[in-house]
Amino acid sequence: MAIMLAIVAVVFGLLYGFVAFRSAMIKQFLAGMANPPQTVSVTTAAFQDWRPKQTAVGTFRAVNGADLSLEVAGIVEKIHFQSGEQVAEGQLLLELRKDTDTTRLASLQASAELAGITLRRDQSQLKLHATSQATVDTDVANLKSAEAQVAQQEAVIAQKTLRAPFAGRLGIRGVDLGQYIGAGSVIVTLQALDPIFLDFTLPQQALNGVDVGQPIDANVDAFPGKKFTGKIIAINSKVDQASRNVQVRASLANADHKLTPGMFAQIDIVTGQSERRITLPQTAIVYAPFGNSVFLVQKSGAADDKTAPAGAGLTAQQAFVRLGATRGDEVAVLEGVPEGATVVAAGQVKLRNGSPLKISDAPQPPVDADPKPVDQ
């Protein structure tokens, strides 16, 4: 009996010791897993000069631009221009074959001349009472009819001649000598390029800061790094009911003819006075339906403990913010962040209030107020 009791006591002792050891190990494991420090990147909230502006996308349009064609059909007889040539207003560009029309014009001119001779002769005879007034009246009508036929034929001949309606630069010629072209066939395009218009649209809420004469800046992908300046010359008198946008037109100098109609441009319009705003990278903002927020870096009691490792005692504190306009990678913060506050710029997805933090030493990507995409 004594041996049996001793064995039972040993078994229970071993069982109790195993349970106690297991509890201690679980407690130690959970203590090590409890809310480890999260590695984040930070930035400092600081005031910057913030000048509000509107951005838009527009298309260049010639002050005068047309695809030139003729009203009548015919065979191309003479071409008086070269592709890409600069021409003056009224300059002769092209002629169709008009031999038949010229011959008919000579015949009609001869008939008009005869009608004039007949009228003058009958007027002389009327003074001598050798003819009637009715005959003279008929002669006058015949002369006017003959002159009208001459003018009509001259107009027909003029329709077979193409002249530049305004000064500008020609495009690429679309016809050849001896080619038969139909009425309305495009012969060449003519564009007046200096100055040049830039048409774009703005939302109706942006009209409060936009006015005629206001300067604009335009950036064109074809000329990276070059900024073209101009000014607003017209704002449409109505707002589109479908999009609630209004059309705006600007004029830009284009003496070197680098800008051509149909080009795409990105437009910046300064709409107000310069203001001081606290700015943060857009990556620092946690956007949510219930409100936008940031995580501020706060010091806890462990930060003053000299025995604690460097960087210990930093915790995350969520703060709701009211945002203003954006400018490239930056966003203006109107309320919620004091000047000089340290804000988490990256890594906030894994944070909650009170999370311990560890500041990353890795370099951060640049924050650009006017970023430009670069093809790699």
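## Hairpin β18-β19

Strands β18 and β19 form a hairpin, with two residues between them. Gly328 sits in the turn and has a positive phi of about 65°. β18 covers residues 322-327 and β19 covers residues 330-335. The two strands pair in the antiparallel sense over four bridges. Within this pairing, Leu323 stands opposite Val333 in β19.

Some terms first. Strands (E, at least two residues) and helices (H or I, at least four) are DSSP runs, numbered from the N terminus. Two strands count as paired if DSSP finds at least two bridges between them.

## Basis of the model

This is a predicted model: local features need pLDDT of at least 70, side-chain atom pairs count only at pLDDT 80 or more, and totals for chains, interfaces and linings use all residues. Residues are numbered from 1 along each chain as its sequence is written, and side-chain values use heavy atoms, with hydrogens and water left out.

## Four-stranded sheet

An open sheet is built from four strands in the order β7-β6-β4-β9, with antiparallel pairing. Its edge strands are β7 (161-163) and β9 (180-181), each of which pairs on one side only.

β4 spans residues 74-79 and pairs with β9 over two bridges, in the antiparallel sense. Gly74 has Ile181 of β9 as its bridge partner. Ile75 stands opposite Tyr180 in β9. β4 also pairs with β6 (residues 92-96), antiparallel, over three bridges. Here Lys78 stands opposite Glu95 in β6.

## Helix α3

Does the length of α3 agree or disagree with its residue count? The helix holds 26 residues, 133-158. At 1.5 Å a residue it should span 38 Å, and its end C-alpha atoms are 38 Å apart, so the two agree. The expected span is 1.5 Å times one less than the number of residues.

Which residues of α3 are buried? They are Val136, Asp139, Leu143, Ala146, Val150, Gln153 and Ile157. Buried means under 20% relative accessible area, exposed means over 50%, and partly exposed lies in between (1.4 Å probe, protein chains only). These buried residues pack against α2 (99-127) and β7. Contact here means heavy atoms within 4.5 Å.

## Nonpolar surface patch

Met1, Met4, Leu5, Val8, Phe12, Leu15, Phe18 and Val19 make a nonpolar surface patch of about 840 Å². Patch residues have over 30% relative accessible area and no salt bridge; nonpolar side chains (Val, Leu, Ile, Met, Phe, Trp, Tyr) are joined within 5 Å, like charges within 9 Å. A salt bridge is a side-chain nitrogen of Lys or Arg within 4 Å of a carboxyl oxygen of Asp or Glu. Areas come from the Shrake-Rupley method with a 1.4 Å probe; for residues, only the protein chains shown count as cover.

Phe12 lies in helix α1 (residues 2-33). Phe12 counts as exposed because its relative accessibility is 57%.

## Backbone details

Asp194 and Pro195 are joined by a cis peptide bond, with omega about 0°. Pro195 lies in strand β10 (residues 188-203).

Arg244 is not a glycine, yet its phi is positive, near 60°. Arg244 lies in the loop between β12 (227-235) and β13 (245-252). Its relative accessible area is 45%, so Arg244 is partly exposed. His257, also not a glycine, has a positive phi of about 60°. His257 lies in the loop between β13 and β14 (264-270).
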